[in-house]
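Keep the sequence and the 3D view side by side while reading.

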Amino acid sequence: MRITGMASGMDIDQMVDDLMRAERMPQDRYVQEQTFANWQVDAYRELNTKVSAFEESVFDRLLTPSSFLQRTGTSSNDSLVSVTSSSGTGNSEYTVSEVNQLAMAATTQSTEAISEEEGAFDPSRPLGEVEGLNWENGTVHTELLRGEGETDTFEFAEETGLNDEHPMIVNVDGVSHTVIRSGQPGDGEVLLNADDQTLTFAEPVANSARVEVQYVDNDSERQFMFAGAQTYGEDGEVLRHEGFITEEDSLQNVLNEFNNSDIGINAFYDSHSDQVSVSRTETGIFNPNGGEEMEFDDDSFFTEFLNLGNNTDQGAQNASFTINGLETERRSNTFAMDNLTITLHDEFDESVTVSSSVDTDAIVENITEFVDEYNALLTEVHEKLGESRNRDYPPLTDEQRRDMTEHEIELWEEQAQSGLLSHDRQLGNFMSRMRENLYETVNVEGSDIGHLSDLGITTSNDYLERGRLDIDEGVLRSAVEEDPEGASNFFSQSGAENGIAGNLRETINEMEEAISREAGGSNGRYQNHQFSLGREINQLDDRIENFDRRLEQIENRYWRQFTAMEQAISEANNQSQMLMNFMFGDGNQMM
């Protein structure tokens, strides 16, 4: 605690504060320089964000063929045949002259009501409460194993009470395997040796593969049913799903399990008819033998309780039509022809023409938006470069801020932040290179488009706009409609001679890298020591820290000096008091 001024009557605190304010002035300049450098970092990074967005736009709009050469599909009769077009080169045109039949999915349903009770069956009711089901004794267990990449044989735990007279379900990473009881397992098979309680696959199971085994034990108090169904895949392969049904399962649970499996069916219970309907999720014929598309295990829950008899499905047929004079078929009513996706909506015997062509509106829009974005970046950068730094408004110190209102601070800093990027020669050079990229002439094979002016894009006559681009939309649209591929190649071709967008993107990338080296914030530069302004800020930090130590020493010296002065004055006062007492105290009087 410093108690001063008692002897001198002087405001020593205020005097030291005033003296230290003068001593602190050089440090204030360091702080102001550091604040300005931080503002510059923010300004460069903000600009780099816009440069990066422009670079992405150049890539998306001009260098991506699927974006630039968007295509549109047209049909002479959308109600009969609709069409969409993907990107690609070349125009396409097809004539669908006749559709004999549309593709349909196989469907089947219960041959009779599934319940003998009055009223609708409750599909959420536990099946254990339903009369007349063919249950078997046993509890269903699920065991999870993991492949190790080296072994093909798995051994059950000793306490496993496996009953090998009942079915077993084995899936490896969700792929069903057929369980065999003898012989050597082949692909998609697994050998069950009940005596040794082992499962042996044809090959070692991959490391971390999930092996799920469902089996039934000898429990006589619990019951289960086994159900299986199969369909056919794209190449005619059998798609099969099996499942155990327990007393707690409901009809809805069972239907959901099969609906969610890979066999591609959709089954539901209809309370009005008290029947179950099952249909394939895909239209067309998949059974290579021409038989049923959906088959259910005999004597199973599907056939015995749901009354889904085999040899009863119907409706599966391919779309049959004539296109460009060729009679053909597809499993689906929607199919691809080159870059067209065609959908048949009805049967008919008239000619419907579908075609694709380049979407010139999209190309014109892409080029126009690119030019607008370039002009916006050009304007912003040159405004930043042309700003003058207002040295009459240095960054405020904390002490200055305390004496100002928020509004005054806002107005001051608006002036103080002027010219953060003033006359940055490097940025100016990059803008010049971008202009040069855009003015380049490109030889495009087979096209008359070789310069921006061929697309109706020219430089503004106003030199103050520093190369702003203007578009004659009529010329642009005409050039694009006449030669869309040429326009695309002018921007995006690569090889011996790059298109202008490729060169422009290269310049933009170098600009991003240069700004990052200056102010960080991208390209892996996030620490101050990794970029120029950051290193400058660190150096100012060191100076401020050193100056703080020096100020502390100076302040201590001032206090020592004022304390000594106070002590001297106090001693003088004491001596004066003693002299006064000697001369005038105790009745003594000077003669």
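## The annotated region

UniProt, in an unreviewed entry, places the feature "domain: Flagellar hook-associated protein 2 C-terminal" at residues 316-573. UniProt positions follow the numbering used here, feature names are shortened, and annotations may be inferred rather than shown by experiment. Over residues 316-573 the chain is 54% helix and 12% strand. The end C-alpha atoms of that stretch are 120 Å apart. Helices (H or I, at least four residues) and strands (E, at least two) are DSSP runs, numbered from the N terminus.

This is a predicted model, in which local features need pLDDT of at least 70, side-chain atom pairs count only at pLDDT 80 or more, and totals for chains, interfaces and linings use all residues. Residues are numbered from 1 along each chain as its sequence is written, and side-chain values use heavy atoms, with hydrogens and water left out.

## Two domains

The chain is divided into domain 1 (36-68 + 361-519) and domain 2 (74-103 + 319-357). These bounds come from an automatic or database domain assignment. The C-alpha centres of domain 1 and domain 2 lie 45 Å apart.

## A helix pair: H8 and H11

Helix H8 spans residues 425-439, and helix H11 spans residues 500-519. They pack at an angle of about 175 degrees, and their axes are 9 Å apart. H8 is therefore roughly antiparallel to H11. Angles under 35 degrees count as roughly parallel, over 145 as roughly antiparallel, 65 to 115 as roughly perpendicular and the rest as oblique. Axes are lines fitted to C-alpha atoms, for helices over the stretch in contact, and angles run from 0 to 180 degrees between N-to-C directions. On the H8 side, the meeting residues include Leu427, Phe430, Met431 and Met434. On the H11 side, they include Leu504, Ile508, Met511 and Ile515.

Met511 lies in H11. Met511 is buried, with a relative accessible area of 0%. (Buried means under 20% relative accessible area, exposed over 50%, partly exposed in between, with a 1.4 Å probe and protein chains only.) Leaving aside neighbours within four places in sequence, Met511 is in contact with Asn48, Val51, Leu427, Phe430, Met431 and Met434. Contact means heavy atoms within 4.5 Å. Met511 and Met434 are 77 residues apart along the chain, yet their C-alpha atoms are separated by 9.9 Å.

## Ser488 in helix H10

Ser488 lies in helix H10 (residues 484-492). Ser488 counts as buried because its relative accessibility is 5%. Beyond its neighbours within four places in sequence, Ser488 is in contact with Phe68, Leu69 and Gln493.

## The sheet E2-E21-E20

An open sheet of 3 strands runs in the order E2-E21-E20, with antiparallel pairing. Its edge strands are E2 (81-85) and E20 (334-337), and each pairs on one side only. The twist averages 25 degrees from one strand to the next. Two strands pair if DSSP finds at least two bridges between them.

E20 and E21 (residues 340-344) pair over 4 bridges. Phe335 has Ile342 of E21 as its bridge partner, and Ala336 stands opposite Thr341. The two strands form a hairpin with 2 residues between them, where Asp338 takes a positive phi near 55 degrees. In a regular strand the side chains alternate between the two faces of the sheet. E20 has a covered face, Phe335 and Met337, and an uncovered one, Thr334 and Ala336.

## The sheet E4-E16-E15

Another open sheet has 3 strands in the order E4-E16-E15, with antiparallel pairing. Strands E4 (107-109) and E15 (265-270) stand at the edges with a single partner strand each, so one side of each has no neighbour in the sheet. Neighbouring strands are turned by 15 degrees against each other on average, direction ignored.

E15 and E16 (residues 275-280) pair over 6 bridges. Ala267 stands opposite Val278 in E16. Helix H3 (residues 251-259) packs on this sheet and touches E15 and E16. The direction of H3 makes about 160 degrees with that of E15.

Strand E8 (residues 169-172) and strand E9 (residues 175-180) run antiparallel, joined by 3 bridges. Val172 stands opposite Val175 in E9. E8 and E9 form a hairpin with 2 residues between them, and Asp173 in the turn has a positive phi of about 50 degrees.

E9 also pairs with strand E10 (residues 189-193). These two run parallel and are joined by 3 bridges. Ile180 stands opposite Leu191 in E10.
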